[in-house]
Amino acid sequence: MAKEKEVSIAIVGCGFVADYYMATLVAYPWIRVAGVFDIDSERLDAFTSYYQLNKYESLEELLGDNRVNIVLNLTNPRAHYEISRRCLEAGRHVYSEKPLAMNYEDSESLVLLAESRGLVISSAPCSLLGNAAQTLWRGVRDGIVGDVRLVYAELDDGMVHLMPYQRWCSKTGAPWPYKDEFEVGCTLEHAGYYLGWLIAIFGPVKTVTAFSDCLIPDKINDVDFEPSDTPDFSVGLLKFETGVVARLTTTIVGPHDHSIRVIGYRGVMEIDDCWFNDAKVRIRKLLTIRRKTFLSPIRSVFKVPGMPKRKLVNTGGNRMDFAAGVAELAESVLQGRSCRLSPRFSLHVTEVSLALQGAGTAACSYDTRSRFEAILPLDWARG
Ligand SMILES: NC(=O)c1ccc[n+]([C@@H]2O[C@H](COP(=O)([O-])OP(=O)(O)OC[C@H]3O[C@@H](n4cnc5c(N)ncnc54)[C@H](O)[C@@H]3O)[C@@H](O)[C@H]2O)c1
């Protein structure tokens, strides 16, 4: 989409995920990267020299650059709150990697701070803006499989603790931050990939009933994790205000499964992997033959006319447009409209992720506090 104006963004944190962002930012030539800052100067040098980008020596220098409208916060989750807060206080919109912050109070205070300054803080994941999620959502609105009452969704990343993750590294040489990932926890890191979809499609979650546990505390020899017992498995039942129930499992201990099944009165809509923005939405209709009712073994593809064609880079484990979220924020700022990944929507996704991760082993129910205004689908998917 051609833009009349340009938006300048600055990036804080140029580790593993920053290369994913750079890979798809090229699709948005109206977004200019004014510069980058990272507390790790070696990392900053490697990243800025590879992409030929301006570097800032400090966050103060970045925030002193008046060209910057939006800060892209790609630091580690435990640094999100402090960086986002300082950027908002300096009058910048923020697009933050998930989670917004490590607890509800900090996350909410960022949203309130943004609102008090007339700014927007928006958070990843943005895969809701991808073709797969938008098509699934249209299918639910159109009642393709009838009224939906139940959803099964899995974010099981495979047996990561047994994989050679110490050898994983990004295009510009950032190692996969396994210590940070294990300490922050896969639920806080990944549940949002389906929560964003479910919460946009079905509205606010009323109650979270969940169980979480650390199944493999000693994932690697000679590394002390802080904390040492972050859950690496969680399963939650989400009761939406609309009455829909979703079961969401997140783990790095079980075999890989990123599928979703949306179950209606007339059949099931399925996607094999939510980390592929262009994954197909398939339908299995309910058939009744003589005295038996069963799901058709034949899966037909559900397509929405006008769906944009985009070639996405396969980075191995995913095919996602990471820059779509910051582009949505930038476009909303330029057009003076609400951002689809709004601050209160991001807060609700964060709140539910925190509830799932923090559930513990004595199954408990949690009533959510945050609410948000309904999110609009993308124009091509609206119908
Ligand atoms: N690793 C992945 O596959 C992946 C995928 C999607 C999203 N994410 C998310 O992206 C974010 C970053 O993850 P990552 O994998 O790139 O981590 P990383 O450790 O590789 O990179 C984070 C970078 O932020 C810098 N940093 C930390 N604190 C800072 C501060 N106060 N000021 C400036 N720079 C600071 C670090 O020096 C580091 O270079 C996390 O929120 C994570 O959840 C990661």
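Here are some questions and answers on backbone geometry in this predicted model.

In this predicted model, local features need pLDDT of at least 70, side-chain atom pairs count only at pLDDT 80 or more, and totals for chains, interfaces and linings use all residues. Residues are numbered from 1 along each chain as its sequence is written, and side-chain values use heavy atoms, with hydrogens and water left out.

Q: What makes the bond between Ala-124 and Pro-125 stand out, and where is Pro-125?
A: The peptide bond joining Ala-124 and Pro-125 is cis, with omega about 0°. Pro-125 sits in the loop between β5 (121–123) and α6 (131–141). Those labels are DSSP runs numbered from the N terminus: helices are H or I with at least four residues, strands are E with at least two.

Q: What is the peptide bond from Glu-226 to Pro-227 called, and where is Pro-227?
A: That one is cis, with omega near 0°. Pro-227 is in the loop between β7 (205–213) and β8 (233–240). For background, most peptide bonds are trans.

Q: Why is Gln-52 called exposed?
A: Its relative accessible area is 66%. Exposed means over 50% (buried is under 20%, partly exposed in between; 1.4 Å probe, protein chains only), so Gln-52 at 66% counts as exposed. Gln-52 also has a positive phi, near 55°, and lies in the loop between α2 (41–51) and α3 (59–63).
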